[in-house]
Amino acid sequence: MGSKPWLHPAPTYQTLETYWDSDEDAPGPRCGHTLTAVAATKTHGPRLILFGGATAIEGGASSSAPGIRLAGVTNSVHSYDVLTRKWTRIRPAGEPPSLRAAHAAAAVGTMVVFQGGIGPAGHSTDDLYVLDLTNDKFKWHRVVVQGQGPGPRYGHVIDLVAQRYLVTVSGNDGKRVLSDAWALDTGQKPYAWQRLSPEGERPSARMYATASALSDGMFLLCGGRDSSGAPVADAYGLFMHRNGQWEWTLAPGVSPSPRYQHAAVFVGARLHVTGGTLRGGRAIEGEAAVAVLDTAAGVWLDRNGIVTSSRNTKGHAEYDPSLELMRRCRHASASVGVRIYIYGGLRGDMLLDDFLVAENSPFQSDTNSPILASERASYLSSPRFNQPNLSSFGTTASDDGLEFFSSGGMSMDKNSMEKLREASAAEAEAANAVWQAAQAASAVPAEETSVSDDNSPAAETASDASDNEADVRLHSRAVVVAKEAVGNLGGMVRQLSLDQFENESRRMIPFNNDLSYPTKKFARQKSPQGLHKKVISTLLRPRNWKAPANRRFFLDSYEVGELCYAAEQIFMQEPTVLQLKAPVKVFGDLHGQFGDLMRLFDEYGFPSTAGDITYIDYLFLGDYVDRGQHSLETITLLLALKIEYPENVHLIRGNHEAADINALFGFRIECIERMGENDGIWAWTRFNQLFNHLPLAALIEKKIICMHGGIGRSIHSVEQIEKLERPITMDAGSIVLMDLLWSDPTENDSIEGLRPNARGPGLVSFGPDRVTDFCKKNKLQLIIRAHECVMDGFERFAQGQLITLFSATNYCGTANNAGAILVVGRGLVIVPKLIHPLPPPIRSPETSPERVADDTWMQELNIQRPPTPTRGRPQPDLDRSSLAYI
């Protein structure tokens, strides 16, 4: 095969059997339609939305007139449920778009945006129509847009770029083929189209091209038919710089064939291109009918490997029914997880109504069984889609279009608990998008993640600590700040036996010579004019810190850049797996809840010469940003403390320290709101560049390993983590990185092995047997991890060999959970120390203004991005039935 082993060739498509209740529910034969993947909601799993198109043709072989004409143009909407494989025709309320085909569509969360096209009455208007599928009351909205827009056109493309901008390119306005590009900012009202003037080499005018947006913000235009009627083979990427300037760039590689009226969709970094037409309406045949543009490697691939020259005819190749299946045009495709779906199209003068499916690569399949073998192997995934800035482009409507989300009321009552019992579709989708990108870019074959025998170097990475050294053990009592400990009662603490915690041990089933790692010395990185000292003096106020009244952040983008640079120099010198000595104070997820960090510092000591930094280290396990209202304070203080105490304060990476995730869950919005549009986006980008340098795990006395997520399916040795080279992005990361940052333990000790994880397809939960095996092979006694909200702030698993730690209280304003830290003493005795959520204001908002502001922020964010359920909360049947055992 003419491909590198990690450049997986283009997949093979197969017919998929689907179901419907009545003939009206079946989409039937059609072409010129759109197929769009829509995110899961509270009541529905992932869906494909098929809209419009032509359901009949005129002319063809039986007609004396040359060529064919599309007829039977429709505006019907059909929904395909990925979990049940069932089609249903839906009739949304509101005024629908006119009958149309050759239109364009893009997913915006749980909405689909439609524009343009052509119908019986001629060109459709350039109005934006939004189909809102957020709840069971499906509804059409027409978006009010001010000023001049792209104008009526058909054969154009549209997608959502950088989670915010609707971009439309090319097409035909009835007079000429177009080359213009337009963008609409979904985060800025009133909505208005802006005509772009991108720099770089611009693509030629074209129609019937395809476009799809990568999660990193690149909009990829592929193929099309130019103004002379000739098909083109090139591909161009369009992206926006930090200064707001857009730029075109020509994609590398050699396309298997020029084409138009084809279909294309991204799965991770791989653009899957199918079918299409050559000049004169001749269909693309043979191997060229199925192609992949791997944007990470910069090459085109067909089923035989890397393409080095165009090969758009079958030649003398043997007949292949799977390739004959792909001889079509005017069809539509969409991706859900690792799968690519294709519906309908035109083959010669025959309309098609078949439904095809393929997988991105064999290494991304969740099972070893064939794609269509059984329900067990089907649909473990959720849609690939680009999340918008939903804080602005909301789903509540008025008569004149879409409006902002309403914050509504949210209190800690039964309804709030019900919200937490519902699995988070938004977070699962984000996890899925990251998983796809990492898998598509991964250069590590699956077999390389297996463990060697006991004589292998991997087995030797664990310490040879002698048996007479102190063993790790959890203290029998935890230190707890009384629930009423506010105001004058703030100093009251007490100790509780672990047996008194209702939730902490619920997962466990009851049952009857050291070579020191060399210690690396770091020179303190001086920030300009003592910038890090300014941050510490401003923010490290455990007793009297107050949130800024006007929400304006006290650092500008230049200072953020300097702070990140100084901290980055330290992280670059550190190993991927930190080697620490006890005593260590370990913190779990903080999620921008800076007030909780101050409370923990106040109650149990803080990192300062006036505190306890001289005799105890601090280790933070990631997820510093998102969800909470003060992500900026949290991350900047921790970076400043790292600069001030580089050998005593330690930070490792969480799954939210990634641009794909924190663009969706609050951090990007916070940066923009508190620093301004330009400075905010620049600072957000700079923070994410720094996150790529963070260490990924820590070993304490070579007996306790600390990480953010877990060991998943792929991590069998510490050496596997040590081999991950930084800086590393989620897109470039391997399955090891995904498991390390995203995996969770199973529900309890009775569930062993590997199970699918409700966070998203490709992610797993690991059982107590995996924990025991990992600890034994690596001569470890304990895993400390974060990543999940637990009611008591800490929770044991695998007979106490794993502890989940969560430091933010009342997560997302609804969980009512305690927050905790773990203090690992010199004798490796571990003492949990807890704080409870602050009570609501008693008299007026002024009693606790920070709490009121936090609640408002969290309520708005929860509406847009429901939180991952608290550990141990029951999950809905929908999620359970959508996941098969691995």
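The legends below describe several close-up views of a predicted model. Residues are numbered from 1 along each chain as its sequence is written, local features need pLDDT of at least 70, and side-chain atom pairs count only at pLDDT 80 or more, while totals for chains, interfaces and linings use all residues. Side-chain values use heavy atoms, with hydrogens and water left out.

**View 1. A salt bridge between aspartate 234 and arginine 206.** The two side chains meet at 2.8 Å, N to O, where a salt bridge is a side-chain nitrogen of Lys or Arg within 4 Å of a carboxyl oxygen of Asp or Glu. The pair links distant parts of the chain, 28 residues apart, with aspartate 234 in the loop between strand S20 (219-222) and strand S21 (235-240) and arginine 206 in the loop between strand S18 (193-195) and strand S19 (210-213). Helices (H or I, at least four residues) and strands (E, at least two) are DSSP runs, numbered from the N terminus. Aspartate 234 is partly exposed at a relative accessible area of 23%, whereas arginine 206 is buried at 0%; buried means under 20% relative accessible area, exposed over 50%, and partly exposed in between (1.4 Å probe, protein chains only). A search of the whole structure finds 27 salt bridges.

**View 2. A salt bridge between glutamate 644 and lysine 533.** The side chains of glutamate 644 and lysine 533 come to 3.2 Å, N to O. This pair links distant parts of the chain, 111 residues apart, since glutamate 644 belongs to helix H8 (residues 631-644) and lysine 533 to helix H5 (residues 531-539). Glutamate 644 is buried, with a relative accessible area of 10%, while lysine 533 is partly exposed, with 42%.

View 3. Arginine 599 is buried at a relative accessible area of 17%, and aspartate 596 is buried at 6%.

**View 4. Glutamate 670 and its contact with serine 631.** Glutamate 670 is placed in helix H10 (residues 667-675) and is buried, with a relative accessible area of 0%. Its side chain reaches the backbone nitrogen of serine 631 at 3.0 Å, a polar contact being a pair of N or O atoms within 3.5 Å; within protein, one must be able to donate a hydrogen and the other to accept it, and residues adjacent in sequence count only if both atoms are side-chain atoms.

**View 5. The hairpin of strands S9 and S10.** Strand S9 (residues 104-108) and strand S10 (residues 111-115) pair in the antiparallel sense over 5 bridges, where two strands pair if DSSP finds at least two bridges between them. Alanine 107 stands opposite valine 112 in S10, and the hairpin has 2 residues between its strands, with glycine 109 in the turn showing a positive phi of about 65 degrees. In S9, 5 of its 5 residues are buried, with Ala104, Ala106 and Val108 on one side and Ala105 and Ala107 on the other. In a regular strand the side chains alternate between the two faces of the sheet.

**View 6. The edge-to-face pair of phenylalanine 51 and tryptophan 140.** Rings of Phe, Tyr and Trp (its six-membered ring) pair if their centres lie within 6.5 Å, and planes under 30 degrees apart count as stacked, over 60 as edge-to-face and the rest as tilted; by this rule the count comes to 24 aromatic pairs. The rings of phenylalanine 51 and tryptophan 140 have centres 5.7 Å apart and planes at 65 degrees, so the pair is edge-to-face. Phenylalanine 51 in strand S4 (residues 47-51) and tryptophan 140 in strand S14 (residues 139-143) are 89 residues apart, and both are buried.

**View 7. Helix H13 and its start.** Helix H13 (residues 735-742) is mostly covered, with 8 of its 8 residues buried, among them Leu737, Met738 and Trp742. At the start of H13, a side-chain oxygen of serine 734 reaches to within 3.2 Å of the backbone nitrogen of valine 736.
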